[in-house]
Structures are given as structure tokens and as C-alpha cells.
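Please consider the charged side chains of the protein shown here. Where do they pair, and how accessible are the partners?

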Amino acid sequence: MAVVAAGQPTLAGHAAKHSAAVAAKPAAAFDQRVLDAEVLLDRAGFSPGAIDGRDGENFAKALHAFQQANGLPVGSLDQQTAAQLAQLSNTLALAQYTVQPSDVQGPFAPQIPRDFEKMAALERLAYHSPRQLLAEKFHMSEALLAALNPNATFDQPGAAITVANVAPMPDNPKMAARGAEGSGSSAQQESRAAKIVVDKRSRAVLAFGPDNRLLAFFPASIGSAEKPAPSGDFAVRAVAYGPDYTYNPAYGFKEQKAQRPVRIAPGPNNPVGVVWIGLSAQGYGIHGTPEPDKVGKTQSHGCVRLTNWDALALAKLVQKGTPVAFVG
């Protein structure tokens with residue numbers, strides 16, 4: 001599967017102002033300067049969520065976290081920040097990737113119902129298509145993948161496509177538990193996190209080392225009106241790769257009508273994605289998602305939702321007993 005090269009932040013105010021400033025700009029397929037920075041941030045462990053080449057809120061949060069961690073002025077992608085990012089790697093931001101037979105063999109699930117009772121009838125919550133699989137493999141939005149490859153169908157083994165030059169996410173999430181490369185953001189850490197901070201106000205998850213150094217930053221969707229995220233100190237209880245999901249009707253999700261518990265099969269489009277980090281807060285966890293483009297921009301169903309690749313990266317940093325603090 002070769003790819004060939006072609007202190008704690010408080011970020012909510014900065015990101016909100018940044019988003020307002022760029023909201024009026026005309027839409028474009030992508031901004032190459034932003035795309036380059038997103039790839040470098042991802043490699044460094046400051047995740048922008050789905051790499052999309054757009055100057056949005058998740059990019060701003062990752063950029064500001066990087067700036068704060070490196071003693072830079074917090075703001076836009078200025079020359080000083082771009083230079084600091086460029087020092088991290090001399091590898092090109094984009095790469096050529098040859099579509100593999102495993103990328104297109106499926107099975108796929110083109111249509112997945114939103115109703116959990118109907119969803120439970122599926123044997124696996126598989127990817128919708130090879131395009132979705134390939135976008136997620138390289139931490140990208142499907143829109144960016146399509147923009148970089150306007151003539152590609154993504155379903156032909158041997159086809160050469162352009163992708164973000166990051167370590168690919170493993171096809172099998174259980175490979176991440178064995179230390180496989182590419183299991184999440186590209187900056188893999190040797191050490192475990194000493195603590196995890198879930199910043200509800202900034203909608204972010206931060207992992208800190210024993211010396212209080214920021215190891216990794218991830219944008220997140222946190223809590224909902226029906227099931228608000230807790231506050232206080234908890235701990236990791238267990239990590240499950242490739243989990244199934246059981247919906248308890250006591251949660252009362254407004255779009256669900258199930259009157260009994262419903263079990264949903266594993267898969268990347270499972271409601272909790274490819275990994276579940278269970279917490280000592282009863283019924284709460286940190287997990288992946290089938291909708292990476294919405295991370296940090298919408299509410300979750302009560303837990304803490306990351307992109308699948310970021311959830312895998314975080315899972316590698318924690319173990320049973322790792323402290324998790326909900327703040328904000």
C-alpha cells in the first residue's frame with residue numbers, strides 16, 4: 001500500500017472570530033495554502049478534522065492550538081506560522097496513490113437508514129462506496145478527494161489518484177491496537193498520555209504528556225441537548241476496536257422511535273465509528289463517527305465524537321485508568 005510523494009489552549013473565541021471573518025468569502029474547490037497547512041498540522045498531531053482545503057473553524061482551532069503550543073501569535077496562517085510548520089517536514093502535502101483491490105472489493109452499503117431499528121437489520125455498517133473509503137483512509141473530505149481527482153471514479157484497482165500525504169488509516173481498526181502505522185493522525189507518539197482534557201466550550205479533545213506537554217489536539221462534537229456532556233474528572237475504563245453499538249431507548253433521541261434496546265453491527269458507518277473509548281462516566285465515551293465532516297460543527301448524541309482516524313490516534317495514547325477531565 002505504497003504512497004509516493006507527488007500549555008493548554010483556550011480556542012473558542014479565536015475560532016469563532018476566525019470563522020466569521022472568512023464566512024463571506026466566495027466558495028472555491030480548495031485553497032492550496034490551507035491544504036498544505038492542514039496536512040502539516042495533521043502530521044504534527046494537531047488535527048484539523050477532515051482535511052478539506054478550506055479555511056474553516058476546525059482548521060482555525062488546530063492552527064491556534066499549534067500556535068499556542070509553539071509560542072507563536074494566535075491568529076491567521078501568517079508567514080511565521082507557515083515557516084514553523086514547514087520546518088516539521090520537507091515532504092510534499094499531496095501524494096499519488098494506486099487504488100488497491102482491497103479498496104474496491106467491498107462489500108459496501110450505498111444506503112444506510114437513519115432509523116436505528118432499520119439500521120440494525122444490516123450485517124455490517126460498511127462504507128458507502130470506494131470514494132468514502134479512500135477519503136477516510138487519507139483523512140480527507142470526499143469533496144476534496146473529488147476536487148483533486150475530477151475524472152476519477154475511485155472504483156478501479158490500479159488507478160492512480162492524488163491524496164493527502166498522511167499515513168493511511170488501517171483498513172482494519174484492530175490493526176491500530178497492534179501499533180500499525182497510520183492509525184489516526186500522522187504524528188504517532190511513543191509515550192502514553194498522562195491526561196485527556198475534553199474542552200466543551202472549545203469543542204476539542206486534548207492529550208497531555210507527563211510533563212504537561214500537548215501531545216495531540218482533536219476537534220470534537222461534544223454532548224447534546226438531550227444528553228449533555230458531564231463535567232468533572234473521570235477515567236478511561238476500556239478501549240474497544242470495531243465496536244457494535246446498542247441504542248437504549250431511555251436516551252430518548254428525538255429522531256429515534258425504538259421502544260426496546262437495538263444492537264447495530266460494527267463498521268466505519270456505525271454510530272460510534274471504528275473505536276469506542278469507554279469512560280467511568282456511566283454511558284459516556286469518546287468514539288469515532290460515520291460523518292467526519294460534521295465533527296466540531298454539530299452536537300453529538302451525548303458522548304464525544306471524533307473523526308475515525310482521530311479516535312484511533314487517541315486510543316493509542318490512552319489506557320485503562322488514564323484521567324479524563326471534562327471542562328468548560
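The model is predicted, so local features need pLDDT of at least 70 and side-chain atom pairs count only at pLDDT 80 or more, whereas totals for chains, interfaces and linings use all residues. Residues are numbered from 1 along each chain as its sequence is written, and side-chain values use heavy atoms, with hydrogens and water left out.

The structure contains 8 salt bridges, a salt bridge being a side-chain nitrogen of Lys or Arg within 4 Å of a carboxyl oxygen of Asp or Glu. One of them joins Lys 137 to Asp 103, with the closest N and O atoms 2.6 Å apart. This pair links distant parts of the chain, 34 residues apart: Lys 137 belongs to helix 7 (residues 130-137) and Asp 103 to helix 5 (residues 101-104). Helices (H or I, at least four residues) and strands (E, at least two) are DSSP runs, numbered from the N terminus. Lys 137 is buried at 2% relative accessibility, and Asp 103 is buried at 0%. Buried denotes under 20% relative accessible area, exposed over 50%, and partly exposed the range in between (1.4 Å probe, protein chains only). Asp 103 and Lys 137 also belong, with Asp 171, to a network of salt bridges.

A further salt bridge connects Arg 263 and Asp 244 at 2.9 Å between the closest N and O atoms. Arg 263 lies in strand 10 (residues 262-264) and Asp 244 in the loop between strand 8 (232-241) and strand 9 (245-247), so the contact ties together parts 19 residues apart in sequence. Arg 263 is partly exposed at 48%, as is Asp 244 at 35%.
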